[in-house]
Amino acid sequence: PAIFQVVDNLFCVFFTFEIVTRFLAFRESAFALRDRWFLFDLCLVVCMIWETWISVAIYYLFLETDLASHGSSSTSALFSPFQAR
């Protein structure tokens with residue numbers, strides 16, 4: 001459902017804003033690299049950005065055209081070379 005995508009994007013925006021704000025709160029940027037909690041949260045936000053925005057963009061840029069060329073909109077078309085004939 002679309003509501004899950006909207007909420008997922010809102011969480012991603014919120015946590016990205018939070019990590020940028022926390023980074024800017026350090027007097028020197030080198031202090032951020034010494035703070036283990038900040039690095040942990042940064043890793044979580046990077047994973048969230050990858051999952052929410054980057055992987056979706058890659059899917060729509062590259063895989064969507066491949067699916068359309070196969071004449072199918074299902075993900076099974078991705079594995080068509082691996083199907084037994």
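The protein chain has three helices and zero strands, where helices are DSSP runs of H or I with at least four residues, strands are E runs of at least two, and both are numbered from the N terminus. Along the sequence, the pattern reads α-α-α. This is a predicted model, in which local features need pLDDT of at least 70 and side-chain atom pairs count only at pLDDT 80 or more, while totals for chains, interfaces and linings use all residues. Residues are numbered from 1 along each chain as its sequence is written, and side-chain values use heavy atoms, with hydrogens and water left out.

Let's look at burial. Of the 85 residues in the protein chain, 12% are buried; buried means under 20% relative accessible area, exposed over 50%, and partly exposed in between (1.4 Å probe, protein chains only). In α1, the buried residues are C12, T16 and I19.

Now for the aromatic rings. The whole structure holds six aromatic pairs: rings of Phe, Tyr and Trp (its six-membered ring) pair if their centres lie within 6.5 Å, and planes under 30 degrees apart count as stacked, over 60 as edge-to-face and the rest as tilted. F11 and F15 are a stacked pair, 6.1 Å centre to centre with 10° between the planes. Both lie in helix α1, four residues apart, about one turn of the helix. F11 is partly exposed because its relative accessibility is 45%.

What about W37 and F40? Their ring centres are 6.0 Å apart and their planes are at 85°, so the pair is edge-to-face. W37 is exposed, with a relative accessible area of 63%, whereas F40, at 45%, is partly exposed.
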